Every structure is written in C-alpha cells, then in structure tokens.
Amino acid sequence: MADAQLAHMVYFTLKDTSPEASEAMVEACHKYLKDHPGVLYFSAGVRGTEFERDVNDQQYHVALNVVFDNKDSHDKYQVAADHLEFIEENKAKWARVRVFDSYVRS
C-alpha cells in the first residue's frame, strides 16, 4: 500500500463556535497546509449546516481534506515545518480533532 494514494481527512471541533472562528480556521488551513509536496488534492471548509439527515455528523465545524500521492508524502507532511506551525498556532482553539487516514483509488 506504500504506493497507493492516501486520503487524510481531519475534522475540527472548535471551542469558539462562531462562524468567524470557523472561517479563521479554514484560512489557517489554506495558509499552512495547502502547498506541500505530493498533494494531489486539497480542500478546507466549514460544515454545511443545512445537511441534517440522521447520518450527517454535526459534531465538527471545519473539515480538511488532503489526498497525497503516497504514504511517504503524507509522512513528510506530518513533520513539515508549516504543518507543525499550524498545529502550534491553532491547537488551543480545538475542542476535538478527529483524523481519518485511508488508502484510496480514483
């Protein structure tokens, strides 16, 4: 699986639940996490509050979706200076962070 694409999905629940705090977190994701080697796809945005089916998780404010070309690129991203700076600058704002890493095919 080392050569397979790796989807790194992160869901942030914020302490400050205001729309402004969510937008600030989206901006931080774009500032620090977007342009890393091996990224095939990047997006960050706020939860769509109009989606209210029983299966829709309502327990987060911001979603980050990054698809890497392989596990090695993901592993390098985890220790990259920009990623570590993002964590240091923002971790106090998080009530909860959930990470889902999956090997994917397109």
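Trainee: Is lysine 91 buried, partly exposed or exposed?

Mentor: Buried means under 20% relative accessible area, exposed over 50%, and partly exposed in between (1.4 Å probe, protein chains only). Lysine 91 has a relative accessible area of 44%, so this residue is partly exposed. This is a predicted model, where local features need pLDDT of at least 70 and side-chain atom pairs count only at pLDDT 80 or more, while totals for chains, interfaces and linings use all residues. Residues are numbered from 1 along each chain as its sequence is written, and side-chain values use heavy atoms, leaving out hydrogens and water.

Trainee: Which residue forms a salt bridge with lysine 91?

Mentor: A salt bridge is a side-chain nitrogen of Lys or Arg within 4 Å of a carboxyl oxygen of Asp or Glu. For lysine 91 the partner is glutamate 88, with the closest N and O atoms 3.3 Å apart. Glutamate 88 is exposed, at 53% relative accessibility. The structure holds three salt bridges; among them is lysine 71 with aspartate 75, at 2.6 Å between the closest N and O atoms.

Trainee: How many bridges pair S1 with strand S4?

Mentor: Strands are DSSP runs (E, at least two residues), numbered from the N terminus. Two of them pair if DSSP finds at least two bridges between them. S1 and S4 (residues 94-104) are antiparallel over ten bridges, and tyrosine 11 stands opposite arginine 98 in S4. S1 also runs antiparallel to S3 (residues 62-68), joined by seven bridges.

Trainee: How many residues of strand S1 are buried?

Mentor: Seven of the ten residues in S1 (residues 5-14) are buried.

Definitions and conventions. Helix = DSSP H or I, 4+ residues; strand = E, 2+ residues; numbered from the N terminus.
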